Amino acid sequence: MTLPDTHQIYDVLSATWPSADACAVGPWIIRKGDGGGNRVSAATATGAVTKNDLQQAEDAMRELGQTPLFMIRAGDDALDQHLSDAGYAIKDPTVLYAAKAADLATERPPPVTAFTVWPPLAVQSEIWAAGGIGAGRLAVMDRASHPKTTLMGRVDDRPAASVFIGTYDGCAMIHALEVMQVHRKKGLARYLTRAAAFWALDQGCTYLTLATTEANVAANALYSSLGMTRVGRYHYRTLPKG
């Protein structure tokens, strides 16, 4: 089975969860996050870098009022070592998943369980806020420029979950899947993932993709049980506080 490779999914991640601004500074891409989280705030290398290049990126991020943060992707082994030597610690090791959307779009959620909604409803913002997904991340969803949507999940006749989906280069990517604490373990995350696959097919996408941290044991178990494949990974490097 052919799936998108790691570097394609990095591009999908950037396109569907875009930073407020990005510019080239020497051998770096420096991103302005505006409260949108690590993915839109981290610097990435555009090629080979040396330890002497780190200061340029650090200065550029500090000028934006951001704590220096680097994303380490496949092929960034030398950068990873330079940052480790400089005292940067690993943060949020993350797994990239992919599957053919048609392989997931085999069973529709029960009636009145998943609804396509754009723009998001106020109740969805409340669900996200309860899970720590605030205004900065909602702004990321709003500025995504390719076809996109949210899905609202319902259970027990009430809103209980929300997820954002963006598209790019034949892929749909899930972001910010949040189920209210009181409604977890009722199958909503599974239903919304399958509903996302149906929506992806309707948009002409071939693949459904997503990223989740290694520490999110429940999410990793869910996506593996659905037959999604681990196709890559990344992590961040940041200076320890204090």
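Trainee: Which residues lie nearest the centre of the largest pocket?
Mentor: This model is predicted, local features need pLDDT of at least 70, side-chain atom pairs count only at pLDDT 80 or more, and totals for chains, interfaces and linings use all residues. Residues are numbered from 1 along each chain as its sequence is written, and side-chain values use heavy atoms, without hydrogens or water. The pocket (an open set of 1 Å grid points where a 1.4 Å probe fits, with protein on both sides within 12 Å along at least five of seven lines) counts as lining any residue with an atom within 4 Å of a point. Its lining has 36 residues, and nearest the centre lie L177, E178, T212, N216 and A219.

Trainee: Which element supplies the largest share of that lining?
Mentor: Elements here are DSSP runs numbered from the N terminus, helices being H or I of at least four residues and strands E of at least two. The lining of the largest pocket draws at least two residues from each of β5 (89-100), β9 (171-179), α7 (188-202), β10 (207-213), α8 (217-225) and β11 (229-238). The largest share, six residues, comes from β9.

Trainee: Which residues line the second largest pocket, and how far apart are the C-alpha atoms of L239 and K91?
Mentor: The lining of the second largest pocket consists of G37, N38, S41, Q66, T67, P68, L69, K91, T238, L239, P240 and K241. L239 lies in the segment after β11, and, leaving aside neighbours within four places in sequence, L239 is in contact (heavy atoms within 4.5 Å) with R62, P68, A86, G87 and Y88. L239 and K91 are 148 residues apart along the chain, yet their C-alpha atoms are separated by 9.5 Å.

Trainee: Why does L239 count as partly exposed?
Mentor: Relative accessible area, computed with a 1.4 Å probe on protein chains only, gives buried under 20%, exposed over 50% and partly exposed in between. L239 therefore counts as partly exposed, because its relative accessibility is 31%.

Trainee: What is the phi of D156 near?
Mentor: D156 is found in the loop between β7 and β8, and D156 is partly exposed because its relative accessible area is 48%. D169, in the loop between β8 and β9, has a positive phi near 55° in a residue other than glycine. D156, a residue other than glycine, likewise has a positive phi, near 55°.

Trainee: The peptide bond from W118 to which residue is cis?
Mentor: The place to look is the loop between β6 (114-117) and α5 (122-130), where P119 is found. With omega near 0°, the bond that is cis runs from W118 to P119.
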